[in-house]
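Me: I would like to learn how to read charged side-chain pairs and a helix in a model. Please take one feature at a time.

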Amino acid sequence: MLSSFDPLVADWFSSRFGNPTEPQIQGWPVIGEGRDVLISAPTGSGKTLAAFLVCIDALVKRARPGPLPDLTEIVYVSPLKALSNDVHKNLEIPLAEIAALAKERGIELAPIRAALRTGDTPQTDRTKMQRLRPHILITTPESLYIMLTAAKPREMLARVQTLIVDEIHAVADDKRGSHLALTLARLDRLVEQSGLPKPQRIGLSATVKPIEDVAAFLGDDVRVIHVGHKRAMELAIEVPKDELGPVASNEMWGEIYDRVAELIRENRTTLVFVNTRRLSERVAHHLGERLGESAVLPHHGSLSRALRLEAERRLKNGELRAVVATASLELGIDIGTVDLVVQIGSPRSIAVALQRIGRAGHWVGALPKGRLFATTRDELLECAALVREIGRASCRER
């Protein structure tokens, strides 16, 4: 399977990961043919590298003879700034390690540049990007739209060959998805005006139904690779000792905080999900009282860029016992070694529950562990139905 890759890329992958995963085995040949493709697979199954490795390989092969053209050829779009930041960092690692491997073997390899462009990107970095164009651009749907409507950034995108849309299921069915579809059509038109074929589209999605609708959003003739099995999960519902009612009392909340703190102590790193930004701050505060203020931080979209990045950095480095997040950490960001996911309140969706619980054990072969905390009678019914349906779906697929 790795024989078609440049020896530098193949050897790097083998030393880092060993054998490819199923999405990679099925995806690489199709991507190599230049076809539009949608890869749908469970969280933690190697989808992102399935998309990127063929692109990196093509750049490495062309970087051997000499400098690469000063062109942006690959655009990666993700719906979250946090995910964009993370992919940028995780691209720098393989690019740096492949370059180091080439140097070790005495191979001259031209630099391969990757850059990040989101609403958080400082103006100095945006200006630098215009002078020294990245070969790989990581961005968000909104930032890509802005770039396509401004003269100089448009020039940078005029010769894009590959477009990767990550977590496509998260935007396909809402207004943000409609806006992204228009942006992708504009990118196609811009590239075609340069005399090139429209960019190859690679979509990445968690398991979602109906997958055909997501494929239709990506394009007209899309090959679907559906590694549909769900990962085994360890799930449980937790309830306070007192009888649940329509609203949780202060005593019940205190009991929930105590139990969540106990679970956090039993694990190295825990990710706590809540449904509102206000609740994220409140839960983080109360858990901080029990575990120490430096052990827990909140994470949500209203926090400043510096505070969000600090929480992500400390979580990945194992400096925090827990982070209390909204949907801001829900998608495919690699948040390091998370042992347990706690959901306070009903996630209100099976897909959301699977996505969030999949943040635990976010590496190949790991067992995600999740605990759902019901705070009212209605939430208990929703959580019970959700766990039952996840169990049934897993049994049907097996």
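Me: Is E142 buried, partly exposed or exposed, and what is its relative accessible area?

Reply: Buried means under 20% relative accessible area, exposed over 50%, and partly exposed in between, with a 1.4 Å probe and protein chains only. E142 has a relative accessible area of 33%, so E142 is partly exposed. This is a predicted model, in which local features need pLDDT of at least 70 and side-chain atom pairs count only at pLDDT 80 or more, while totals for chains, interfaces and linings use all residues. Residues are numbered from 1 along each chain as its sequence is written, and side-chain values use heavy atoms, leaving out hydrogens and water.

Me: Which side chain meets E142 in a salt bridge?

Reply: Side chains of opposite charge can pair when their charged atoms come close. The term salt bridge is used for a side-chain nitrogen of Lys or Arg within 4 Å of a carboxyl oxygen of Asp or Glu. Here the partner of E142 is R176, at 2.7 Å from N to O. The two lie 34 residues apart and link distant parts of the chain, with R176 in helix α8 (residues 175-193) and E142 in helix α6 (residues 141-148). Helices are DSSP runs of H or I with at least four residues, strands are runs of E with at least two, and both are numbered from the N terminus. R176 is partly exposed too, at 29%.

Me: How many salt bridges does the structure hold?

Reply: There are 17. One of them joins R133 and E155 at 3.8 Å, N to O. R133 is buried at 18%, whereas E155 is partly exposed at 49%.

Me: Where do the buried residues of α8 fall, seen down its axis?

Reply: The arc is taken from the directions from the helix axis to the C-beta atoms. The buried residues of α8 include G177, L180, L184 and L187. They fall within an arc of 165 degrees, so the buried residues line one face of α8. The face turned away from that side carries the exposed residues K175, S178, R189 and Q193.

Me: What follows just after α8?

Reply: G195 is found there, with a positive phi of about 85 degrees.
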